[in-house]
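My entries follow in the order in which I checked things.

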Amino acid sequence: MYEDSYFPKFLVDKCKNILLNLCKTIETKKPSNLEELYKITHASTIEINNLQEEFYKNDSEIETAARDCIGLDFEIIAKAYGFDPDIEELIAPREW
């Protein structure tokens, strides 16, 4: 998303910070199964949902390319912590 001028860098930074906080939360709470992980990823997904209005105000939106990129980031994070998630369940509350 940083390479595409359609996405304001400061909003991409906000998404990145949500993902970094997701990692910190996983490390702190140490989910032992997918159900626990999904609760954590759902909270982060909702945080990203809450950025949509800011994207609109900056003539952008979390659309197909961003959705795929962010979804992949969630999957990579989950796998890095030893989980094999269902990607749709990982970001189930998404509105993007």
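This is a predicted model: local features need pLDDT of at least 70, side-chain atom pairs count only at pLDDT 80 or more; totals for chains, interfaces and linings use all residues.

Residues are numbered from 1 along each chain as its sequence is written, and side-chain values use heavy atoms, with hydrogens and water left out.

**Entry 1: α1 and α2**

I took helices (H or I, at least four residues) and strands (E, at least two) as DSSP runs, numbered from the N terminus. Axes are lines fitted to C-alpha atoms, for helices over the stretch in contact, with angles running from 0 to 180 degrees between N-to-C directions. Helix α1 covers residues 9-29 and helix α2 residues 34-49, and I found them packed at an angle of about 160°, with 10 Å between their axes. The two helices are therefore roughly antiparallel.

The crossing of α1 over α2 is right-handed, where right-handed means that the near helix is turned clockwise from the far one by less than a right angle, and left-handed that it is turned anticlockwise. For contacts I used heavy atoms within 4.5 Å. From α1, Cys-15, Ile-18, Leu-22, Thr-25, Ile-26 and Lys-29 meet Leu-37, Ile-40, Thr-41, Ser-44, Glu-47 and Ile-48 of α2. I sorted the residues of this contact into 7 nonpolar, 3 polar and 2 charged, counting Ala, Val, Leu, Ile, Met, Phe, Trp, Tyr, Cys and Pro as nonpolar, Asp, Glu, Lys and Arg as charged, and the others, Gly among them, as polar.

**Entry 2: α1 and α4**

How do α1 and α4 lie to each other, roughly parallel or roughly antiparallel? Their axes come within 11 Å and cross at roughly 20°, and the two are therefore roughly parallel. I again noted a right-handed crossing as α1 passes α4. Here Cys-15, Leu-19, Leu-22, Cys-23 and Ile-26 of α1 meet Ile-70, Asp-73, Phe-74 and Ile-77 of α4, and by class the contact has 8 nonpolar, no polar and 1 charged residues.

Searching the whole structure for aromatic pairs, I found 1.

For accessibility, buried means under 20% relative accessible area, exposed over 50%, and partly exposed in between (1.4 Å probe, protein chains only). Tyr-6 is partly exposed at 33%, whereas Phe-7 is buried at 2%. Ser-60, in the loop between α3 (52-57) and α4 (64-80), is buried at 3%. Leaving out residues up to four places away in sequence, I found Ser-60 touching Tyr-6, Phe-7, Pro-8 and Phe-55.

Gln-52 belongs to helix α3 and is buried at 9%. With residues up to four places away in sequence again left out, Gln-52 touches Glu-61, Ile-62, Glu-95 and Trp-96. Thr-28, in helix α1, is exposed at 65%.

How values were computed
Rings of Phe, Tyr and Trp (its six-membered ring) pair if their centres lie within 6.5 Å; planes under 30 degrees apart count as stacked, over 60 as edge-to-face and the rest as tilted. Angles under 35 degrees count as roughly parallel, over 145 as roughly antiparallel, 65 to 115 as roughly perpendicular and the rest as oblique.
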